[in-house]
Amino acid sequence: MGLWLLARIAVPLLAVPFVMAPCAVADSDMSAQIRDIVTHELAPTATAADPGGLAAVVYAGGHLDFFNYGFADAAAKRPVTPDTLFNLASLRKIFEATLVALGTERGELRLDDPVSKYLPELHGDYISRVTLRELVTHTSGLLLPTDHPPWPNATFSRDQFIAMLNAWTPQAGEEPGKQRIYTHAGYVLLQLALERRYGEPIGTLIESRILKPLGMTSTFIPERGEDGRALLRPEIMQRVVQGYSDQGMPIGPSGNQQSYYDFPGTGQMYSSARDFGTLLRACLDGAVIDPELRAALEMTERESFRIDAKFGQAMAWENVRLDGVAVVDKPGGLNSASAYIGLVPARKLGIALLANRGEYPHEIARYTILPALAKL
């Protein structure tokens, strides 16, 4: 075909106005509304006057949107990005609960197994009646001294921890399975039971059974070094935040691993907003190849203990009934870190917030952002 004919064909084509498909316009409008809502609520909580920074990820309409504020390290002027690694605090419990659910799906353990089945050194009158189900749903009644602030100024060996459990008698007459009492110690005990059942460290179990199948490549439970820092490769450590108090004071070095316990696997977990976007997609859209892992994630979200008319407890997750919106979420916090993940399964939308300061007001996601997004 001659060049003159190509030119004659091309001109009319270029003159045709571009018209976006209706679905593309709708997607664009929804994305703009999402960004307006999230920015309006988050920007005032992470200003230049506030310590540290904030990374957020929203999943809605099948898309991920990232929001970044402030500094991962203020002294170095290192900005927060979707790949910055934050301390997850108690969001780690979601992954341990998923291990329990996955083991149940695969017939490797039973929720009503007493924890002493896996740790026969537990022989106290109370602890010998506690089951895996009660540990994973915070209904064991355990509330050890290691569950109370102030933040760690003493540590306990594994033998001391077991001795505390064997001697435990609840002060208020609680019974296993009869009440919801949030307990960090219960999840440390769950860690020991899982490690004994499978013969592998908790970090290895979470990586091989959950993180790799989901494609979460920037999530770690590192070992703790002698200086209290996470043991991570230098190129990974460069992405880790410096933690700050709510008053802006640095707390420990970057990668600080706070713990009441001096045995392996009891430090903090680190992850990024990008990896939590992957987790949101998996929880909300079933983006998991392994059907047993998909079923395990769903199992962890189901309420198993009703607290009151508004709140219920699932496996690590909490169920919250708001006006016309059912939220499944999990907050976490230390004196140097705050984290939150929340889902609205009926609308397939969710949000995760990661901050490197204590007392970040993450309730804004539960009570304001998610209900607003659910109305779009």
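This is a predicted model: local features need pLDDT of at least 70, side-chain atom pairs count only at pLDDT 80 or more; totals for chains, interfaces and linings use all residues.
Let me begin with Gln242, which touches Ala72, Asp73, Pro250, Ile251, Gly252, Pro253, Ser254 and Asn356, leaving aside residues up to four places away in sequence, where contact means heavy atoms within 4.5 Å. Residues are numbered from 1 along each chain as its sequence is written, and side-chain values use heavy atoms, with hydrogens and water left out.

Gln242 lies in the loop between helix 8 (234–237) and strand 5 (270–271); helices (H or I, at least four residues) and strands (E, at least two) are DSSP runs, numbered from the N terminus. Gln242 counts as buried because its relative accessibility is 9%, and buried means under 20% relative accessible area, with a 1.4 Å probe and protein chains only.

Turning to helix 10 (residues 291–301), the buried residues there are Leu293, Ala296, Leu297, Met299, Thr300 and Glu301, and they pack against helix 3, helix 7 (202–214), helix 9 (273–285), strand 8 (318–322), strand 9 (325–333) and strand 10 (338–344).

Helix 3 brings me to my last pair: how do helix 3 and helix 6 pack? Helix 3 (residues 92–105) and helix 6 (residues 184–198) pack at an angle of about 40 degrees, with their axes 11 Å apart, the axes being lines fitted to C-alpha atoms over the stretch in contact, and angles running from 0 to 180 degrees between N-to-C directions. Among the residues of helix 3 that meet helix 6 are Arg92, Leu99 and Gly103.

Conventions: Buried means under 20% relative accessible area, exposed over 50%, partly exposed in between (1.4 Å probe, protein chains only).
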